[in-house]
Amino acid sequence: MTDFLMFYAPFIVLIGSIIVAFWSATKDGPMRNKK
Amino acid sequence: MTLEIIGISVLWMFLFGYIIVASIDFGAGFFNAYNILTRREHILTNVIERYLSPVWEVTNVFLVFFFVGIIGFFPKTAFYYGTTLLVPASIAIVLLAIRGSYYAFAMYGSYGHRGYTFMYGMAGLFIPASLSIVLTISEGGFVSMINGNPVLNYSSLFTSPLTWSIVVLSITALLYISSVFLTWYANKAGDPSATKLLRKYALIWALPTMITAAGIIFELRSHNAEHYTRILDLWWVFGLSFLLFLGTVWFIWKRRKYGLAFVLLVGQFALAFFGYGVSHYPYLLYPYLTIYDSFTNEAMAISLIVAFIAGLGLLLPSLYLLLRLFLFNKDYVRGNKDHHA
Amino acid sequence: MGNEEAVFYSRILTELTLSFHILYATIGVGIPLMIMIAQWVGIKKNDEHYILLARRWARGFVITVAVGVVTGTAIGLQLSLLWPNFMELAGNVIALPLFMETFAFFFEAIFLGIYLYTWDRFENQKKHLLLLIPVAIGASFSAVFITMVNAFMNAPQGFDLVNGELININPLIAMFNPAMPTKVAHVVVTAYMTSAFVLASIAAFRLLKGSNHVYHKKALFLTMKVGLIFSIATAITGDFSGKYLAEYQPEKLAAAEWHFETEENAPLIMYGILDDGEVKYAIKVPYGLSILAHSNPFEEVKGLNEFPEDEIPPLYIHYLFDLMVTIGVGLMFISALYVYAVGRKWSFVETNWFRWILVAGGPLAMLAIEAGWWLAEVGRQPWVLRGIMRTEDAATTSGQVDIMLVLFAGLYLILGVGSVVVLRRMFKKNPVEQEIEDRRKEKGGDFL
């Protein structure tokens with residue numbers, strides 16, 4: 001378990017966060033309705 | 001071919017690349033500054049800016065590549081050169097930093113100022129001067145070992161005629177390389193007045209380059225006889241280089257085939273540079289360090305070479321794309337379109 | 001100059017160079033991804049505001065990248081100039097990622113040149129966006145490779161040292177050392193996080209200064225969302241780093257957490273001051289350290305009592321740890337609050353006091369980056385290469401380091417002031433309202 005957290009999980013978090021960042025970036029509903 | 005030879009050849013190739021692209025860059029900056037100070041900026045500024053803008057960052061990488069590579073292939077150089085070069089290399093870094101950043105500041109931030117332009121132009125001459133000191137030191141005689149640590153003897157370095165001739169060569173060669181290239185580039189850009197001016201510069205700097213280069217070989221005779229003899233053994237390489245030099249001058253003189261003239265120039269410097277390198281073999285620093293006793297372990301050497309080949313596979317197509325989009329793109333070179341962010 | 005002085009000044013100069021370089025390097029790693037996200041959203045939603053956002057960010061990025069490049073060249077050479085003994089050993093074992101870093105950087109530089117000079121050159125915007133991918137990859141991989149070298153300094157492996165001779169060298173094992181994954185991931189996500197909050201600061205500042213344009217609102221919302229995601233990722237990878245430290249560098253963890261005695265059920269000490277070896281005014285989180293170190297509240301954590309006196313890092317790194325964590329967690333909460341509040345249409349996010357907090361976010365994130373690196377580097381002392389080479393044995397014997405320190409301090413001052421002045425001028429001269437207006441004229445009516 002510790003090995004997993006130390007060796008693989010960091011890269012999973014890194015790549016996962018990039019993907020989520022792209023996905024969330026398109027969710028700009030609140031900025032559109034205001035116009 | 002041993003791993004040592006492959007390693008040093010790769011590094012020497014990149015150093016050669018740096019010398020050519022940096023010379024063009026530094027020389028362009030100098031000519032630009034000179035013309036602005038003599039109130040003729042309109043002639044050259046346009047051509048120079050169009051060439052330099054997309055490639056300025058790439059130039060620097062050649063140098064970084066060389067000094068990172070030499071630590072990788074020949075780690076002992078870190079000990080010998082790292083200790084002795086603290087002052088000259090630091091000065092070069094500061095000049096490179098000022099020059100590189102102000103280029104971006106002026107270009108993209110419209111931070112144009114005559115004082116900076118002047119500094120920018122002059123820094124371009126001092127950088128090769130301070131970097132060329134490394135070649136002088138490598139000839140030996142300026143470093144002594146005190147308590148097992150290498151120490152640079154500044155007074156003998158700065159009073160040696162060899163030092164100053166190498167400095168002068170670095171500057172004349174830079175102006176010559178730059179003006180030949182820019183003549184071609186201005187001609188391609190369809191700018192006759194810039195072509196005319198740059199052609200004049202090319203012809204002015206051709207002879208001094210050759211004289212200082214010959215002078216250095218002469219001075220080596222008394223400074224480092226071993227190296228001098230090895231240069232004479234390779235006389236035909238330098239002779240061939242001289243023939244290419246004549247070819248370049250002839251084409252420039254006749255106002256014909258500027259592109260070919262530049263290719264001959266690259267050939268001339270390549271022959272001279274590799275001739276110099278081969279005659280320097282096997283020493284990295286006379287008489288303390290050769291490529292054999294400073295070489296890294298086999299595993300590292302092989303992995304570096306593999307990384308190098310893989311890296312080249314990535315870089316060459318990218319460089320080709322860069323050149324095709326800018327250097328060899330008619331619309332871009334002629335300034336018909338500006339797509340800068 | 002005695003060698004002690006040379007060591008001292010070499011340390012100061014390296015610290016100065018790294019502290020200055022890391023500001024620009026962090027932005028240099030993060031901003032390309034931000035530009036990419038903005039341009040991608042712009043293309044996907046056919047929204048010119050995002051495209052313009054990407055374009056203006058790219059323009060500013062050039063200035064920071066220039067300073068990043070030249071200071072990066074400086075640190076690259078200074079490593080050999082100031083630490084020749086270290087580089088001689090490192091060259092033998094860890095030169096591979098250093099070498100690969102130059103390739104990554106080369107790749108980035110080429111495509112950055114192309115990207116910058118091909119705006120509007122392609123009919124299809126997507127092609128232009130494609131050119132940005134190598135820039136972002138090159139930038140991030142530069143960070144990955146350099147961090148691998150730093151990780152190696154913390155957990156050296158891939159060689160054997162027998163009678164001062166290096167044998168059995170394996171560059172790949174050296175590269176993939178145990179410190180590498182946590183360090184690389186933490187460095188890269190914090191670079192993204194910091195870049196997002198820096199860009200958010202700018203947008204918030206424009207809104208504060210009276211511009212009420214939806215362009216800035218979109219910019220702020222976008223960067224805060226991205227900042228939130230990467231700050232969560234930062235916290236997670238930070239937690240992994242704790243587990244790594246507990247196993248491989250327990251003295252660093254113990255010094256950072258003021259954990260003096262080995263014990264089970266170890267509490268986490270937050271804040272406080274150290275007075276004559278006694279911790280005062282601290283908050284103790286029960287079981288906190290055991291959880292951080294082993295994901296188990298009852299497990300034993302090694303304390304400083306297990307290490308020889310002269311191998312313990314300076315204890316002030318605890319303050320750096322506190323600073324880093326407080327800022328990181330604070331930014332995570334602020335951005336979460338902002339994103340939630342915008343979704344809920346709560347109006348306090350439009351008030352001046354809240355926007356000032358957002359403006360502070362960028363500089364604070366930078367401060368956290370600095371604190372994190374000081375923690376990482378000071379926390380490794382007295383070693384330059386943990387367990388193998390002490391810092392004082394690695395330094396140059398050259399006598400002019402103090403003069404060089406003055407020289408470089410002057411250089412960084414010029415570069416720092418210069419880059420700020422240029423960036424301000426660049427955007428002042430060409431405000432976004434003006435540019436949107438110009439683009440509208442250029443394109444005809446179909447512009448937002």
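**Exercise 1.** In this predicted model, which helix of chain B holds B:L240, and is B:L240 buried or exposed, or in between?

*Solution.* Step 1: B:L240 sits in helix α11 of chain B, which spans residues 235-253. Step 2: the relative accessibility of B:L240 is 42%. Step 3: the partly exposed class lies between under 20% for buried and over 50% for exposed, so B:L240 is partly exposed.

**Exercise 2.** Which residues make the nonpolar surface patch that includes B:L240?

*Solution.* Step 1: the patch consists of B:L240, B:F242, B:L243 and B:L246. Step 2: its area is about 370 Å².

**Exercise 3.** Which residues gather in the patch of negative charge on the surface of chain C, and which helices supply at least two residues each?

*Solution.* Step 1: the negative patch brings together C:E4, C:E5, C:E392 and C:D393. Step 2: at least two of its residues come from each of α1 (3-45) and α12 (391-394) of chain C. Step 3: C:D393 is part of helix α12 of chain C. Step 4: with a relative accessibility of 47%, C:D393 is classed as partly exposed.

**Exercise 4.** Where in chain C is C:V339 found, and which residues is C:V339 in contact with, leaving aside neighbours within four places in sequence?

*Solution.* Step 1: C:V339 belongs to helix α10 of chain C, residues 317-344. Step 2: with those neighbours left aside, its contacts are C:F221, C:M224, C:K225 and C:L228. Step 3: C:K225 is 114 residues from C:V339 along the chain, yet their C-alpha atoms are 6.4 Å apart.

Definitions and conventions:
Residues are numbered from 1 along each chain as its sequence is written. Chains are lettered from A and ligands numbered from 1 in the order in which they are written. This is a predicted model: local features need pLDDT of at least 70, side-chain atom pairs count only at pLDDT 80 or more; totals for chains, interfaces and linings use all residues. Side-chain values use heavy atoms; hydrogens and water are left out. Patches are made of residues with over 30% relative accessible area and no salt bridge: like charges are joined within 9 Å, nonpolar side chains (Val, Leu, Ile, Met, Phe, Trp, Tyr) within 5 Å. Accessible areas come from the Shrake-Rupley method with a 1.4 Å probe; for residues, only the protein chains shown count as cover. A salt bridge is a side-chain nitrogen of Lys or Arg within 4 Å of a carboxyl oxygen of Asp or Glu. Lys and Arg count as positive and Asp and Glu as negative; His and the chain ends are not counted. The place of a charge is taken as NZ of Lys, CZ of Arg, CG of Asp or CD of Glu. Helices (H or I, at least four residues) and strands (E, at least two) are DSSP runs, numbered from the N terminus. Buried means under 20% relative accessible area, exposed over 50%, partly exposed in between (1.4 Å probe, protein chains only). Contact means heavy atoms within 4.5 Å.
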